[in-house]
Amino acid sequence: MRDAVINLIYLAASVLFIFGIKGLTHPRTAVRGNLLSAVGMLTAVVVTLLAKDIVGLPVVIAGLVVGAAVGAVMAVKIQMTAMPQLVAVFNGFGGGASVCVAWAALIGALDPKMQMTVATAASGLIGAVTFWGSMIAFAKLQEIKLFKRPMYFSGQYAVNALLFLVALGVGAWVVAQPERGTSVYFLLVAVASVLGVTVTIPIGGADMPVAIALLNSLSGLAAAATGFVLSNNMLIIAGSLVGASGIILTLIMCKAMNRTLFNVLSGKLGPTGTTATADEVYAGKVKSTSAEEVALLMDGVRRVMIVPGYGMAVSQAQYAVRDLYNALEARDVAVDFAIHPVAGRMPGHMNVLLAEVDIPYDKLQEMDLANPMFEQTDVVIVLGANDVVNPDARQNPDSPIAGMPILDVDKAKTVVIIKRSLSPGFAGIPNPLFAADNTLMLFGDGKQMIQELLAAVKDL
Ligand code: NDP
């Protein structure tokens, strides 16, 4: 009876998770979705603490309090631009926790059953890969010097394949001889840790969001495996939900970047020998402009499209953008926002920033809707976006980003690019759009340039 009640409460918490995830699919329902999931998680934690005969309950509660406090401080303090790093760290801690819990369960088990030992080996393997993979992802996103560029060594695929096979072999050893306990389990974790590092170091530049989504999925699988170790249905369900949604997001993002998962993991992105140099692309062809000139250009036009990118996030230009949007709409200019699925540094990055300043949701056009609109657009303002508007993806089969779906801003009558210099975006390659006949460069900080543009529009 007691178990049935506990499982019913777990089921209710799982339903809250599912409705929570559903809510996150639209900005209008996202806050409610987040809240539902949080209530589900709180319920699950409280029931687990009350229902299980937990050894050292005060220590567990102290851990919960300290963990919640650290998490809350990090969540409040973190810059929006550093959110992907934070997600990477959270994924990693999830994997690390699975490794530790499975280890503790293995030590405590007197006569472990097959299900438990298989799950323990899976937790150790997946958890350690997730932890170290996430730490490397963090270092890359944080642009720590040593990890910034993709790292290759000869025979990398063979070494990774070998490490994976060795990890499987050691995992089988854990299952066959669980009485050997800690020593074999540590060997498994050590091999999987090396694998986590060697698999992640070659992943570079623009493929990082996919890697983060995949690591998120792996952290879920590790948690689900740990659920089997502890025979805890809640952990199995929650872990499976994270694992499944993470892999779905991974595949959606692969599609948005036109890369296969194998291609991402093998780190095949970045400037190649055949990529044109910045000098070849830009020399003598770039035209710079001023805020006043751009304002004049927008006098009397019918349609303006704003394309935000990472630079809008860095310069925190969203408030100024909202004011410019209001000023243009007041002059009967139709203003829309074209959102690329991987603009910024995480999926939905631009949507969140624009929602924060109350831009109406129906003004945010996803790529498929936005692309046919560019031909009828008088002026496109590209604000701190680079890779996601690089026409090389469409036109140059030798480009490292060939085939990546992009926003076709080059098809508009005039394109104004706001950025500080001609330096490349995340993918590290030049962008021929900056040298196109219909492009004007407005060099400067995103927020400052939009503020100057706003002042000039008001003076018209
Ligand atoms: P990019 O990284 O391609 O370009 C951003 C541009 O912003 C830079 O060229 C930079 O130019 C400019 N910039 C930086 N700071 C400022 C500032 N203060 N004011 C004005 N401009 C500024 O960004 P996109 O959004 O176009 O593309 C996203 C890229 O990131 C893609 O390659 C994507 O694959 C990758 N990525 C995406 C993730 C996601 O999930 N969305 C996660 C991780 C990576 P300058 O220095 O000259 O100012």
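Which backbone lies 3.1 Å, through a polar atom, from an oxygen atom of the ligand? The residue is G384, whose polar backbone atom lies 3.1 Å from an oxygen atom of the ligand. The structure described in this report is a predicted model.

## The ligand and its contacts

A polar backbone atom of V342 is found 2.9 Å from a nitrogen atom of the ligand. In D387 the side chain takes part: one of its N or O atoms lies 2.6 Å from an oxygen atom of the ligand. Taken alone, the ligand exposes 920 Å², and the protein buries 96% of that area.

## The shell around the ligand

The ligand is surrounded by 30 residues, and the closest are R345, N386, D387, R420 and S421. Sorted by class, this shell contains 14 nonpolar, 11 polar and five charged residues. Helix α13, which covers residues 310-315, gives the most to the shell, with four residues.

The position of the ligand can also be described in terms of domains. Domain 1 (78-266) and domain 2 (278-458) both give residues to the shell, and therefore the ligand lies between them.

## The largest nonpolar core

The largest nonpolar core has 44 residues. The members that touch the most other members are V307, F374, V380, V382, V389, L407 and V409. Several elements give two or more residues to this core, among them the helices α5 (114-141) and α9 (233-256) and the strands β1 (303-308), β4 (379-383) and β5 (414-419). Helix α8 gives the most to this core, with six residues. The core draws at least three residues from each of domain 1 (78-266) and domain 2 (278-458).

## A buried aspartate

D378 is placed in the loop between α16 and β4. Is this residue buried or exposed? D378 is buried, because its relative accessible area is 16%, and buried means under 20%.

## Two residues with a positive phi

Most residues other than glycine have a negative phi. E143, which is not a glycine, has a positive phi of about 60 degrees. This residue lies in the loop between α5 and α6 (156-176). With a relative accessible area of 44%, E143 is partly exposed.

D358 is likewise a residue other than glycine with a positive phi, near 65 degrees. D358 belongs to the loop between α15 (349-356) and β3 (364-366). Because its relative accessibility is 64%, D358 counts as exposed.

## Sequence distance and spatial distance

L296 is part of helix α12, residues 291-297. Its relative accessibility is 57%, so L296 counts as exposed. How far apart in space are L296 and V281, C-alpha to C-alpha? They are 28 Å apart in space, while 15 residues separate their positions in sequence.

Q451 is located in helix α18, residues 446-458. Q451 is partly exposed, with a relative accessible area of 41%. Along the chain, Q451 and T198 are 253 residues apart, and their C-alpha atoms are separated by 45 Å.

Conventions
Residues numbered from 1 in each chain as written. Predicted model: local features only at pLDDT ≥ 70, side-chain atom pairs only at ≥ 80, totals over all residues. Heavy atoms only, no water. Near = heavy atom within 4 Å. Polar contact = N/O pair within 3.5 Å; in protein donor to acceptor, adjacent residues only side chain to side chain. Areas by Shrake-Rupley, 256 points an atom, 1.4 Å probe, with all protein chains shown as cover. Nonpolar A, V, L, I, M, F, W, Y, C, P; charged D, E, K, R; others polar. Domains from an automatic or database assignment. Core = buried A, V, L, I, M, F, W, Y, C linked by side-chain atoms within 4.5 Å. Buried < 20%, exposed > 50% of the residue type's maximum accessible area, 1.4 Å probe, protein only.
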